[in-house]
Amino acid sequence: MKQITVVGVGYVGLVTAACFSDLGNKVIALDVNEERVKGLKRGEMPIYEPGLEELVERNVAAGRLDFTTDYKSALQDSEFVFICVGTPSGVDGKADLKYVESAARSIAENMQAPLIVINKSTVPVGTGDWVAEIMAEAQPKAIDFAVVSCPEFLREGAAISDFMNPHRTVLGSLDREAADKVAQLHLQLRSPIVITDLRTAEMIKYASNAFLATKISFINEIADICESLGADVKEVAAGMGFDARIGKHFLEAGLGYGGSCFPKDVKALAFMAEEMNQEPRILNAVMHVNGLRRGMIVERLKDLVGDLDGKTIGLLGLAFKANTDDMRDAPSVDIANALMAAGATVRAFDPVAMEVAARDLPKVAMADDAYSLAEGVDALIVVTDWNEFKHLDLERIRDSMAAPVLLDGRNIYFPDQMKSLGFTYRGVGRGYNGAGEVQTEVKVPTNAV
Ligand code: UDX
């Protein structure tokens with residue numbers, strides 16, 4: 001059992017603190033936001049993450065997890081401190097490190113004994129060295145410390161599972177002994193631990209996210225070509241995915257990637273490349289293709305319903321993806337604003353994100369559920385792939401709409417079924433003009449498994 005401090009209680013920090021406490025460590029989680037800390041002490045979660053509330057509650061009750069705003073008490077007796085603060089995009093794409101700097105400085109000013117400082121925030125390559133410089137300069141008196149990079153690979157909505165079952169843990173440090181101690185914290189997770197230097201560890205994080213984003217822009221481009229050539233991108237992706245070199249994940253065509261990581265990380269990596277006079281050709285193409293997706297869906301709607309002026313359009317889903325309330329760079333915001341700019345009235349339903357979304361979309365009327373959303377609308381757009389949208393009573397939906405037009409931005413429905421129900425249906429990359437469905441069968445001979 002070790003004592004760990006976590007600085008920053010957001011999507012990454014709160015999950016990290018809760019999971020390390022669940023592994024039997026004593027964890028003090030610190031945030032400068034007093035309201036957030038008070039809420040957590042009352043058992044109120046500042047974010048929506050499946051399973052998190054129970055995990056926090058159980059470990060607080062067991063005395064393994066606590067919350068504070070005070071650095072000195074938070075660091076007392078801790079051997080490790082994780083920096084999990086935000087690194088938002090600056091205007092030019094460069095990561096804004098003001099929160100990392102503030103955390104590093106506060107740790108340096110309040111530490112009373114040697115510490116291993118683990119940077120989990122996604123930071124530009126080379127920042128690890130910079131954190132060490134800040135701390136050395138800010139310490140009132142020299143106390144030993146080491147900096148280790150330990151990038152996070154947590155998907156929102158699956159963050160606890162991803163923490164407890166990582167594909168790998170990546171550690172980077174110039175101090176191998178410190179890295180080995182951080183590796184010990186992760187041994188119970190029984191997954192590969194990659195120990196390398198600071199810059200390589202930070203680059204593994206960026207390159208991983210950039211590659212996943214590339215897969216998404218790739219399959220979205222293939223989807224557009226499929227519509228011209230009459231192929232079904234869902235079946236194309238399935239056929240591709242059997243190849244272990246490709247893999248079946250992150251090949252779902254749709255509205256492109258959003259969220260707090262891919263947009264920021266791809267932009268930041270491209271910025272780093274350009275700073276070193278390297279032209280990020282593929283990264284620029286990935287961002288360009290991704291940027292076209294939201295406008296594409298609005299143009300496609302115009303093809304289906306004509307002039308948008310005076311029409312009422314319903315958005316099924318608002319969050320950037322299912323199982324989260326996160327609206328950061330959510331496609332729904334750009335889509336709703338483009339529809340309203342064209343004179344449409346926009347209504348929306350999201351199982352979880354409506355309260356958060358209302359701040360970005362004050363003119364969008366929020367419905368109580370998918371069925372009340374559908375009442376009287378001229379068209380519905382599937383924007384977020386929530387499971388609860390996949391088994392709606394589509395006849396009831398159809399009968400309450402002003403016109404049975406459904407634009408499936410996430411390909412959650414089956415085109416033939418939708419056509420037989422009388423919908424004017426379009427998916428993304430589903431055969432000619434996105435409305436077809438290709439019958440595909442997969443036979444796996446028993447001796448092949
Ligand atoms: C991502 C990385 O997966 C995670 O490892 C990293 O630590 C943080 O960033 P996250 O942003 O939470 O996690 O979501 P993810 O599930 O990766 O999806 C990212 C975006 O891509 C979402 O907008 C999602 O809708 C979209 N997506 C994902 C697709 O459009 N198609 C896919 O096949 C998969």
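This is a predicted model: local features need pLDDT of at least 70, side-chain atom pairs count only at pLDDT 80 or more; totals for chains, interfaces and linings use all residues.
Let me begin with the contacts themselves. An N or O atom in the side chain of Arg 410 sits 3.0 Å from an oxygen atom of the ligand, which therefore falls inside the 3.5 Å limit and counts as a polar contact. Glu 152 also takes part through its side chain, where a polar atom is 2.9 Å from a ligand oxygen, whereas Gly 258 uses its backbone, with a polar atom there lying 2.9 Å from an oxygen atom of the ligand. As for how far the ligand is covered, it would expose 660 Å² if taken alone, and the protein buries 93% of that area.

Stepping back to the shell as a whole, there are 19 residues around the ligand, and those that come nearest are Glu 152, Glu 156, Lys 205, Gly 258 and Lys 321. By class, the shell comprises nine nonpolar, three polar and seven charged residues. Which helix gives the largest share of this shell? That is H9, spanning residues 198-229, with three residues.

The structure has one cavity of 30 Å³ or more, and the volume of the largest cavity is about 50 Å³. Its lining includes Asn 119, Lys 120, Ser 121, Thr 122 and Val 123, together with Ser 149, Cys 150 and Pro 151, and also Glu 202, Lys 205 and Tyr 206.

Finally, a word on the second largest pocket, whose volume is about 220 Å³. Of the 14 residues lining this pocket, Lys 94, Pro 124, Val 125, Met 272 and Glu 275 are the closest to its centre. What supplies the largest share of the pocket lining? Helix H11, which runs over residues 262-275, supplies five residues. The lining of this second largest pocket is made up of nine nonpolar, two polar and three charged residues.

Key. Residues are numbered from 1 along each chain as its sequence is written. Side-chain values use heavy atoms; hydrogens and water are left out. A residue is near a molecule or strand if one of its heavy atoms lies within 4 Å of it. A polar contact is a pair of N or O atoms within 3.5 Å; within protein, one must be able to donate a hydrogen and the other to accept it, and residues adjacent in sequence count only if both atoms are side-chain atoms. Accessible areas come from the Shrake-Rupley method with a 1.4 Å probe; for residues, only the protein chains shown count as cover. Helices (H or I, at least four residues) and strands (E, at least two) are DSSP runs, numbered from the N terminus. Ala, Val, Leu, Ile, Met, Phe, Trp, Tyr, Cys and Pro count as nonpolar, Asp, Glu, Lys and Arg as charged, and the others, Gly among them, as polar. On a 1 Å grid over the protein atoms alone, a cavity is a set of points where a 1.4 Å probe fits but cannot get out, and a pocket is an open set with protein on both sides within 12 Å along at least five of seven lines; lining residues have an atom within 4 Å of a point. Grid points are joined across faces, edges and corners, and a volume is the space filled by probe spheres set on the points.
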